[in-house]
Amino acid sequence: MRYLDEYRNADAAQKLVAAIAAACTRPWVIMEVCGGQTHTIVKYGIDRVLPDGLELVHGPGCPVCVTSLETLDRAHAIAARSDVIFCSFGDMLRVPGSRVDLLQLKSQGCDVRVVYSPLDAVNLAAANPSRKVVFFAIGFETTAPANAMAVWLAMRRGLTNFSALVSHVLVPPAMSAILSATNNRVQGFLGPGHVCTVVGTSEYEPLVAKFRVPIVITGFEPIDMLEGILRTVQQLEAGRAEVENQYSRAVRTEGNPASRKLLTEVFEVCDRKWRGIGRIPQSGYRLKPEYRDFDAERLFDVADLETEESTTCISGEILRGLKKPHQCPAFGKECTPLTPLGATMVSSEGACAAYHAYGRTLEDGKRTQLV
Amino acid sequence: MDHPREGLFGTCPTPKSHYDRILLGHGSGGQLSAELLKRVFLPALGNDVLNALEDQATLPFGNGRLAFTTDSFVVKPLFFPGGDIGKLAVHGTINDLAVGGAKPLYLSAAFILEEGMLIADLKRIVQSMRLACDEVGVKIVTGDTKVVDRGKGDQLFITTSGIGVVPAGRSLSIRSARHGDCILLSGTIGDHGVAIMSVREGLEFETVLESDSAPLADLTHVMLESCPSIRCMRDPTRGGLASALNELASASRVGIRLLEKRIPIRAEVRGACEMLGLDPLYVANEGKLMAVVPENDAERLLNAMRCHPLGRNAAIVGTVVTDHPGLVVMDTLVGGERVVTMLSGEQLPRIC
Amino acid sequence: MCLGIPGRVLEIYREHEVLMGKIDFGGVSKRVCLEHVPDTQVGEYVIVHVGFALQRIDEVEARRVFAFLEGMDQLEELEAPSHEVPR
């Protein structure tokens with residue numbers, strides 16, 4: 001497949017690995033923000049071919065893992081209603097709320113459906129006028145245009161039975177929170193390639209100016225990641241701190257203007273609670289008042305929910321790059337993808353789930369039987 | 001307004017140690033399925049033969065050995081590109097016998113029909129089963145039909161059992177892989193699963209891809225004739241190649257080293273999996289097998305397979321090693337490596 | 001995060017007043033919203049996420065990293081060991 005295969009080329013990868021080793025004279029800690037980037041690193045074993053001392057830590061770039069417990073409980077309460085067809089991306093199905101997950105609700109007879117695109121949910125609403133169709137609109141800025149388009153289309157087509165439960169999260173405030181923490185170890189970032197495809201690169205300039213860390217906007221294939229790592233290391237070695245764009249085949253400085261316009265029409269910025277981290281101001285999107293008729297949070301009275309929280313896992317520390325999954329004593333034992341204890345294991349994109357799926361166990365570098 | 005926590009633990013849900021209801025994931029051939037076996041079926045029904053968990057049971061019978069297997073088919077939709085539930089049922093049961101080195105002889109077929117199902121559809125399916133049987137020379141010799149109320153049966157479920165004969169002196173087993181053995185695959189992976197997905201509601205996409213559902217009895221016969229030293233064979237159905245390899249590694253207590261670049265895969269399957277965020281290693285196959293053979297015989301077996309229409313894309317994809325017993329490790333395209341674990345539950349399309 | 005895959009535009013059309021396209025991914029095709037990449041032509045590539053085209057792929061930029069690697073070769077006379085033919 002074009003624009004995919006060539007970015008998985010073994011020779012190119014080896015050259016970049018050699019270049020990284022040659023460029024690195026000191027230990028560095030680099031964070032990749034996106035869950036998809038974590039996935040690539042672990043899937044191809046990229047971190048294991050990097051020089052000793054160059055450490056990759058995994059960030060909170062998994063909108064699925066960071067969806068708050070309150071939002072999940074709200075989603076589950078709506079999905080449990082008999083007049084609702086609840087549509088969701090596949091990722092959200094196994095994420096546990098206080099009591100259940102969507103998959104279990106499905107097993108109990110609730111109408112829960114996986115959709116590939118938010119636009120499919122709109123079509124479902126048109127095809128089922130007597131049922132209420134609710135779409136679970138999660139994601140980072142990458143998914144926001146598609147989610148916004150769904151709501152906008154529903155309004156255009158006059159679909160009164162469609163609504164969205166919106167729980168968008170934004171990357172720059174999360175990076176700022178990580179960098180502001182007193183025990184922050186991260187010295188450079190691989191920035192979120194597809195987020196920047198939508199919104200552009202300008203939001204990262206203030207971060208670089210304030211915190212003096214290099215941010216290299218990076219793609220998702222192995223060659224992208226290796227080049228992104230190389231360029232971050234080169235900046236760190238030279239004492240530079242700039243925004244660079246490795247993923248230039250998709251990312252323009254201005255992003256996608258049409259998408260940005262629709263986002264300002266449909267969404268407004270709000271505070272959001274991130275599972276495992278806490279409330280981060282101005283870090284989310286919600287629907288604007290003009291779209292209140294499509295806002296599932298307002299349409300469905302699910303305010304009186306009791307959210308049960310327990311504190312046994314270290315997801316928070318993992319999301320902020322302070323610990324690795326295999327350093328958690330529960331990893332692979334009480335906490336597995338089948339029985340997730342926390343945010344980073346629940347989603348197949350979370351750092352712990354990626355580690356578990358690709359066989360990393362309690363001691364880094366040592367493989368033992370998992371089951 | 002709280003501030004983001006610093007140095008404190010995150011919030012987590014109460015862990016569930018096990019589910020108390022059946023989930024779809026219990027049927028996908030991965031860890032949940034294995035857990036159900038361990039928790040429910042084996043404790044109640046276990047015996048020497050059942051506990052071996054081979055694709056078929058081989059039983060002493062007179063002077064020879066009988067192979068016996070059973071399977072249920074619940075695929076939706078009933079008709080899909082390249083086949084239907086009936087054809088799948090016949091092929092699936094024949095293949096379970098064939099990979100044990102048996103010559104398939106007779107099948108039974110039990111039908112659970114949902115009230116309201118179109119008889120014209122049932123006729124098509126049964127005709128399809130007849131054709132599939134004739135192709136291989138097996139007979140459906142006994143059967144049963146039940147009808148359940150509308151809403152209780154998802155149109156049609158089929159259960160087939162099959163009997164075959166294993167020639168004297170032949171004994172294939174998933175426990176018999178040895179260090180140095182080669183692992184061969186008869187063709188491209190993921191075709192069936194992707195063909196089904198392409199017509200599944202919510203995921204539809206357009207493709208010329210068809211299910212690879214096919215009877216493997218003739219291929220296995222050719223393989224065993226050319227290479228009696230084959231240790232075992234397995235058809236990687238639900239759970240995909242990854243699950244079959246993990247079962248092999250676990251049963252034989254060996255490690256497996258897989259080479260990503262050797263695994264045959266069609267461009268369309270890759271495209272669909274990339275689009276949906278799925279891993280082809282976990283996608284179902286219905287007309288493929290994997291075989292474990294001593295290293296010295298690998299090339300000969302490969303050539304024999306490639307001469308057969310169902311083995312044209314056969315490849316040597318890995319080796320059995322003494323390192324990391326019980327684990328399957330893959331050398332990736334970019335020179336790194338990763339562990340290929342057992343499928344957890346159901347593989348779901350992802351956006352992340 | 002954000003699974004975005006490059007696909008080739010086969011057809012462009014309108015549905016419910018929204019610009020849509022039939023996009024090819026290595027032989028399978030899917031209907032995708034092109035509303036935010038209105039200048040796309042048939043034959044070009046777009047990045048698709050959840051049935052939505054995020055951006056057109058810039059072909060010149062796509063070659064950049066490989067030109068850089070070739071430059072590295074010439075600069076360092078690096079012999080890349082090639083054990084197999086790349087796919």
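This is a predicted model: local features need pLDDT of at least 70, side-chain atom pairs count only at pLDDT 80 or more; totals for chains, interfaces and linings use all residues.
Contact here means heavy atoms within 4.5 Å. Side-chain values use heavy atoms, with hydrogens and water left out, residues are numbered from 1 along each chain as its sequence is written, and chains are lettered from A in the order in which they are written.

Chains B and C bury about 1500 Å² between them, 59% of it on carbon and sulfur atoms; buried area is the accessible area (1.4 Å probe) that two parts lose on being put together, summed over both. On the chain B side, Glu206(B), Met275(B) and Ile351(B) give up the most area to chain C, together 40% of what that side buries.

Glu206(B) also pairs with Lys22(C) in a salt bridge, the closest N and O atoms sitting 3.3 Å apart. The count between the two chains is two salt bridges (a side-chain nitrogen of Lys or Arg within 4 Å of a carboxyl oxygen of Asp or Glu).

Turning to the core, the largest nonpolar one has 139 residues, of which Phe162(A), Tyr204(A) and Ile229(A) touch the most other members. Such a core is a set of buried Ala, Val, Leu, Ile, Met, Phe, Trp, Tyr and Cys residues joined through side-chain atoms within 4.5 Å, buried being under 20% relative accessible area (1.4 Å probe, protein chains only). Leaving aside residues up to four places away in sequence, Ile229(A) touches Ile20(A), Ile30(A), Ile46(A), Leu50(A), Leu54(A), Leu56(A) and Leu190(A).

Conventions
Buried means under 20% relative accessible area, exposed over 50%, partly exposed in between (1.4 Å probe, protein chains only).
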